[in-house]
Amino acid sequence: MNENVLNFKNCGLFLHLENYIITEVLANAEEKSYSKGEVLISKGDIPIGLFIIKSGKVGIYNEHVLLAELGILSIMGESFLANASATATIIADTALEVIVIKKDVFYTLAHIYPQLVLNLFAINFNRLRESNNMALKEAKNREERLENLVKERTKSLIEANAELSATRDNLIQTQKFRDQFMANMSHEIRTPMNAVLGMTNILRHKEHLAEQMKYLDGIKKSSENLVVIINDILDLSKIEAGKMELEQTNFKLLEVVNLVQQIMQHKAEEKGLLLNVDYDETIPEILVGDPTRLNQILINLAGNAIKFTEKGSVTISIKSIKKNNKDCELEFAVRDTGIGMNEEQLGKIFQSFTQASSDTSRKYGGTGLGLTISKQLVELHGGTIIVTSEPGKGSCFSFKVSLPIGIEDNSTLDEEVITDEMLNALNGIRVLLADDNMMNRMVAYDTLEMTIKNIFIDEAQNGSEVLEKLRADDYDVILMDVQMPVIDGLEATRIIRKDFSSPKKEAIILALTASVIRSDLEACSNAGMNGYIPKPFTVEDLVIGIYNSLNKN
């Protein structure tokens, strides 16, 4: 199939790949022909691999309803990566020629050429983004229809009450649909992101050609940027669902501000901007609040100011405006000398997925979520964010919050890093790694093996295998994926805690989960798990999580 390489250069799976890699992939694939009306993938079945349309077109059907059509060079069947069944049936709408890359072949090639995974993730991310836009558009259309319906039915009090009730129920249903969509999208993206980030980190630590480092760094940086976007979406979903809670802990505000300056300094210098910090020295050294969320607000506002400023400066100022023995009221402000905004743009700047204009979005990029999240986080603190701006003369975002004054707590620990003491303590541990996704197991296996000496790692693909292996052998730690076929991680944990005898029933069990929603984490704890490690995880997440759990028990 070497003569077909040029025909496949524009396929999303092969973007940024050399011809010899495409040739190798095609050489290990199979060509298949289908007649009009034949089924390629049935709803509910796990696809045999990845399908690429060579000629013809297919239809995606759900209960005989045509949802979409795909043409030449389109990709199908990628749900096999998560061992997930197809959500619709794919049928040949014309005579069809396809290239099929079986799942085992893809796993082997992806391990050698991780760009394949990144390209496949990019394809899925774009599809999810389009679905998200369609869902949001449908939600807005539904709200508009409901509002119009209410206006038309206000002739009598009874009719108005009835329509208002219907409107409320539909809006609640719309919000539930959006929340569920956000949660599903975040979960589906986090799972392959764990593989992308994990394999990239492993490759960066292993021996490789010097010129490959810039590509590995590029993959790592792009993946981390996508994680930021995913976290923004999760934060927005949690805030709007009323599930976001602020931490109340002693912290040093000056350290938060210094960290923001350190993070933003490089971005400012890249554009030749001055980044100034004006910090009121009368502010109490120790305050009580959520330093992580304050950091997030300032990072969003400062990053936004730098993005829209081409010359001049960005200034972060924090002042004490009122203080007594218990509380201190603070005024935060971020000023820039950037492009500024007119009144129309100011009116919609805090809307979700919205920027000042379409030209702004094209030129500067971004999701339009940063300011929305900042506004809602400020409101969670009991404050109100205010913006003043003028085209060509810059903008100023400011807010006031009142925080309790804290006392020095010498027991506060610095952020943990992997130490020799930890590695010595973990030398020779026995780990059972349970995950139905082969690529996730490969990332966790290789990460642990290259970090901990003499480690023994056994693998399981579902909860049933976990129970069999634990009956036959002993393990120091079980890393348990939550969503697995046959028996899931939660049920397997409940069985271990209830039916096994000591010491196996007291085994350390850590959840490997792509969800960070409190209700899901509480379900892990209620099932008997000792803790959790979020996906995508870093080397530190994995090693320190295991060490802390063993040390605690």
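Guide: K54 is partly exposed, with a relative accessible area of 28%, where buried means under 20% relative accessible area, exposed over 50%, and partly exposed in between, computed with a 1.4 Å probe on protein chains only. This is a predicted model, in which local features need pLDDT of at least 70 and side-chain atom pairs count only at pLDDT 80 or more, while totals for chains, interfaces and linings use all residues. Residues are numbered from 1 along each chain as its sequence is written, and side-chain values use heavy atoms, with hydrogens and water left out.

The partner of K54 is E31, and the two form a salt bridge (a side-chain nitrogen of Lys or Arg within 4 Å of a carboxyl oxygen of Asp or Glu) in which the closest N and O atoms are 3.1 Å apart. Because E31 sits in strand β1 (residues 30-34) and K54 in strand β3 (residues 49-55), the pair ties together parts that are 23 residues apart in sequence; strands (E, at least two residues) and helices (H or I, at least four) are DSSP runs, numbered from the N terminus. E31 is also partly exposed, with a relative accessible area of 40%. Side chains of opposite charge can pair when their charged atoms come close.

The structure holds 13 salt bridges, and another of them joins the side chains of K375 and E379, at 2.7 Å from N to O. Here both residues belong to helix α11 (residues 370-380), and being 4 residues apart they are separated by about one helical turn. K375 is partly exposed at 27% relative accessible area, and E379 counts as partly exposed at 40%.
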